[in-house]
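Here are a few notes from my pass through the model. Have it open while you read.

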Number of protein chains: 2
Amino acid sequence: MLNISDSLESLIDEFAKLPQIGRKTAQRLAMYIIRQPVEDVEKLSKALVDTKERIRFCNVCCNITEDEICKICSSHRRNKNVICVVEEPQDVYAIEKTNEYKGLYHVLHGRISPLDGIGPNDIKTKELLLRLDENKFEKIDEIILALNPTVEGETTILYLSKLIRPLEIKITRIARGIPIGSDLELADEVTLAKALEGRIVV
Amino acid sequence: MLNISDSLESLIDEFAKLPQIGRKTAQRLAMYIIRQPVEDVEKLSKALVDTKERIRFCNVCCNITEDEICKICSSHRRNKNVICVVEEPQDVYAIEKTNEYKGLYHVLHGRISPLDGIGPNDIKTKELLLRLDENKFEKIDEIILALNPTVEGETTILYLSKLIRPLEIKITRIARGIPIGSDLELADEVTLAKALEGRIVV
């Protein structure tokens, strides 16, 4: 771009840093911003700083929250004997939306991925173990590993189950199979194999 | 999403208002923001407000600028006898990058699109005519209509050429044809027809 304005250049640079936003999209977003009323731009600007200021990680489950301990961990309605381990905060919402799960969560904030240089210490594994350790008095019956069925997810499952096994807690993982509404024909072989393997009695 | 934080909700809402950003992407962007250092988030927040505050439209060509009159319009090196009419500020940069054009510009900030309720008065057509009128003493030799070869672009070209024709200024439009590096075989019939029609002597 021509050097029209340093602030515009810097806005494009900042937009382009966001995930999955390339330079062209960043330019388009900046042009959109220029055309919006001042109040709208200020709203977005304020929401950014506010969110960053207020959001922290729950001391127990590492999910995002505005409090020391998140609403799920501090709720009396949740079953404190089950912990569902997920990769990202979004996964918590996805599971909550099913209305099927009433236990607690643990958010790893990532997955083990040696190729990306992400080891066990870069995600919240220590916090999980500490939690299981501290909770010796409160009985944890089951750890559900609800990680993504990817190579990285599998690596993380292997690693975590090795660490948790000595604690003699039941470890489960969510089923891999054909998604509802999909077609057997369209499923890849690995998914189909896992669906067969995980068959249940009707 | 669970109601975790009002500021987070509002950030997701604001992100989702941006063009081509859906709710899922907005959530992903918000999660990314949460993980960034405070300084980086403040930079983006500041760039938004700064850009909105400083950027205005050039009094002459309506391109974006920080000054009353943009750098191209105020430059002594540009040929003031040719005006290239484009839809968006981005188009100015695209043409500038070719290093082939030394005239002035006029940015319409849109195109006539009856289906979207955008008429001639919603884009900077008045400003163009005023400019041609005012410049009676300065001779404009040519108006290049560099609009997109879409239905809306064509409508705008028709409308503008009808208005400009009485002023007895040469009106041209950029060529439609096969893009460099592409294949005749891959071109649609309309493009190929226009490429034939616009053939030049070698």
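1. Start where the chains touch: A:Leu48, A:Thr51 and A:Lys52 in α3(A) meet B:Ile33, B:Ile34 and B:Arg35 in α2(B), with contact meaning heavy atoms within 4.5 Å. By class, that contact has three nonpolar, one polar and two charged residues. Here Ala, Val, Leu, Ile, Met, Phe, Trp, Tyr, Cys and Pro are nonpolar, Asp, Glu, Lys and Arg are charged, and the others, Gly among them, are polar.

2. Ground rules: this is a predicted model, where local features need pLDDT of at least 70 and side-chain atom pairs pLDDT 80 or more, while totals for chains, interfaces and linings use all residues. Residues are numbered from 1 along each chain as written, chains are lettered from A and ligands numbered from 1 in written order, and side-chain values use heavy atoms, with hydrogens and water left out.

3. How do α3(A) and α2(B) cross? The axes of α3 (residues 38-54) of chain A and α2 (residues 23-35) of chain B come within 9 Å and cross at roughly 55°.

4. Setting aside neighbours within four places in sequence, A:Glu14 is in contact with B:Asp40, B:Lys43, B:Leu44 and B:Ala47.

Methods. Axes fitted to C-alpha atoms, helices over the stretch in contact; angles between N-to-C directions. Helix = DSSP H or I, 4+ residues; strand = E, 2+ residues; numbered from the N terminus.
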